[in-house]
Amino acid sequence: MKQLIIFGPPGVGKGTQAELIAEKLNIAHFSTGQILRDAVSNKTDLGNKAKVIMDSGALVPDDIMIGIVKDALSSPDIKTGFLLDGFPRTLKQAESLETIFDELQFNNVIVISLVADDDEIVKRLLLRGRSDDTEETIKFRLKIYKEQTSPILAHYDGNYTIIEINGIGDIEEINSNILKHLI
Ligand code: ADP
């Protein structure tokens with residue numbers, strides 16, 4: 001069973017690569033950003049709360065996100081495996097995820113770390129133009145990524161297999177670089 005986390009800054013291409021990987025390996029793809037955006041469209045309590053936070057570029061509280069991921073990973077449709085996209089984003093989330101993995105006996109976790117420089121990321125996000133992709137919000141999200149999310153990688157070093165992949169280039173080529181390590 002494939003147990004994967006895709007990791008990297010906003011705009012590096014996690015969502016795009018995650019979809020391709022999940023499709024090719026026939027595993028479940030959990031994008032916490034997408035789960036939140038679906039909740040926003042459906043105007044659920046979670047969605048209404050999350051919308052303001054997401055539009056500001058801030059992070060949705062850890063306890064909410066941890067609950068969402070715990071439910072997703074406990075679902076029966078992950079028999080063949082899963083790919084987490086957008087989680088964990090804080091050390092607290094990473095620590096809770098370790099507990100969840102222990103409980104569910106997921107102990108072959110592989111982290112796909114996608115890398116690109118800030119200039120490329122800002123360029124792409126401005127082109128994407130989602131409601132949380134304004135210049136100001138992008139700068140704020142990158143700051144949060146550096147301060148709160150990127151330390152997770154050092155925390156994982158030695159515990160999980162980390163595959164580092166260049167996120168700049170042709171989408172299919174990046175994808176085959178990732179899959180080479182997984183099959
Ligand atoms: P990107 O990685 O391109 O910024 P995402 O779709 O992963 O886009 O996330 C969009 C927004 O959803 C984030 O800026 C944040 O507000 C919220 N979000 C997604 N995942 C998490 C998480 N694990 N913890 C807190 N907030 C999250």
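Which residues in α3 are buried? They are Gly47, Ala50, Ile53 and Met54. Buried means under 20% relative accessible area, exposed over 50%, with partly exposed in between (1.4 Å probe, protein chains only). Helices (H or I, at least four residues) and strands (E, at least two) are DSSP runs, numbered from the N terminus.

This is a predicted model, where local features need pLDDT of at least 70, side-chain atom pairs count only at pLDDT 80 or more, and totals for chains, interfaces and linings use all residues. Residues are numbered from 1 along each chain as its sequence is written, and side-chain values use heavy atoms, leaving out hydrogens and water.

Stay with α3. The face turned away carries the exposed residues Asp45 and Val52. α2 (32-41) is included in what covers the buried residues. Gly57 follows α3, with a positive phi near 90°.

Now the core. A nonpolar core is a set of buried Ala, Val, Leu, Ile, Met, Phe, Trp, Tyr and Cys residues joined through side-chain atoms within 4.5 Å. The largest has 30 residues, and Leu84, Leu97 and Phe101 have the most contacts inside it. α4 gives the most, with six residues.

Last, Asp132. It sits in the loop between α6 (118-128) and α7 (135-149). Asp132 counts as buried because its relative accessibility is 8%. Beyond its neighbours within four places in sequence, Asp132 is in contact (heavy atoms within 4.5 Å) with Met54, Asp55, Thr137 and Arg141.
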